[in-house]
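Take a look at the chain below. This report follows one residue, then its surroundings.

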Amino acid sequence: VFDNKYKSMSGTSMAAPQVAGVAALVRGHRPQMPAWMVKQVLIASAKDSSIVKNLSSLQSKVSSGGMIDAKEALDASNTTLRVMNLANDTKVDQQAN
């Protein structure tokens, strides 16, 4: 919007850059986390949103029906990474035996 003014906008075109930004935050915080896991973290950490779920125009265009939450995504990435590391350590121990 021109002339230093604000405009309210919504829809998937406005959500995509928000989600990409939070995905970049998570990946920057945990660079060893694979992309598929970043996606799962974003979906799992989204806030439930009846607004999104009730918009018929978005029904086939959203993954979770939630609203992105950067802090929750970063917190979840810490927990997810610990689980991933435990799983990898177990696989390494099993291969060594």
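Helices (H or I, at least four residues) and strands (E, at least two) are DSSP runs, numbered from the N terminus. Ser-45 is found in helix H2, which spans residues 35-45. This is a predicted model: local features need pLDDT of at least 70, side-chain atom pairs count only at pLDDT 80 or more, and totals for chains, interfaces and linings use all residues. Residues are numbered from 1 along each chain as its sequence is written, and side-chain values use heavy atoms, with hydrogens and water left out.

**The chain as a whole**

The chain has 4 helices and 2 strands. From the N terminus on, their order is α-α-β-α-β-α. Of the 97 residues, 18% are buried. Here buried means under 20% relative accessible area, exposed means over 50%, and partly exposed lies in between (1.4 Å probe, protein chains only).

**Ser-45**

Is Ser-45 buried or exposed? Ser-45 has 8% relative accessibility, so Ser-45 counts as buried. Its side chain reaches two backbone oxygens. Both pairs are listed as polar contacts (N or O atoms within 3.5 Å; within protein, one must be able to donate a hydrogen and the other to accept it, and residues adjacent in sequence count only if both atoms are side-chain atoms).

| Side chain | Backbone oxygen | Distance |
|---|---|---|
| Ser-45 | Val-41 | 2.7 Å |
| Ser-45 | Leu-42 | 3.4 Å |

Contact means heavy atoms within 4.5 Å. Leaving out residues up to four places away in sequence, Ser-45 touches Asp-69, Glu-72, Ala-73 and Ala-76.

**The core**

Ala-73 leads on to the core. By the same rule on sequence, Ala-73 touches Val-22, Val-26, Val-41, Leu-42 and Ser-45. A nonpolar core is a set of buried Ala, Val, Leu, Ile, Met, Phe, Trp, Tyr and Cys residues joined through side-chain atoms within 4.5 Å. The largest one has 8 residues: Val-22, Val-26, Met-33, Met-37, Val-38, Val-41, Leu-42 and Ala-73. The largest share, 4 residues, comes from H2.

**Two helices crossing**

How do H1 and H2 meet? Their axes come within 10 Å and cross at roughly 120°. H1 and H2 are therefore oblique to each other. The contact involves Val-19, Val-22, Ala-23, Val-26 and Arg-27 of H1, with Ala-35, Val-38 and Leu-42 of H2. Axes are lines fitted to C-alpha atoms, for helices over the stretch in contact, and angles run from 0 to 180 degrees between N-to-C directions. Angles under 35 degrees count as roughly parallel, over 145 as roughly antiparallel, 65 to 115 as roughly perpendicular and the rest as oblique.
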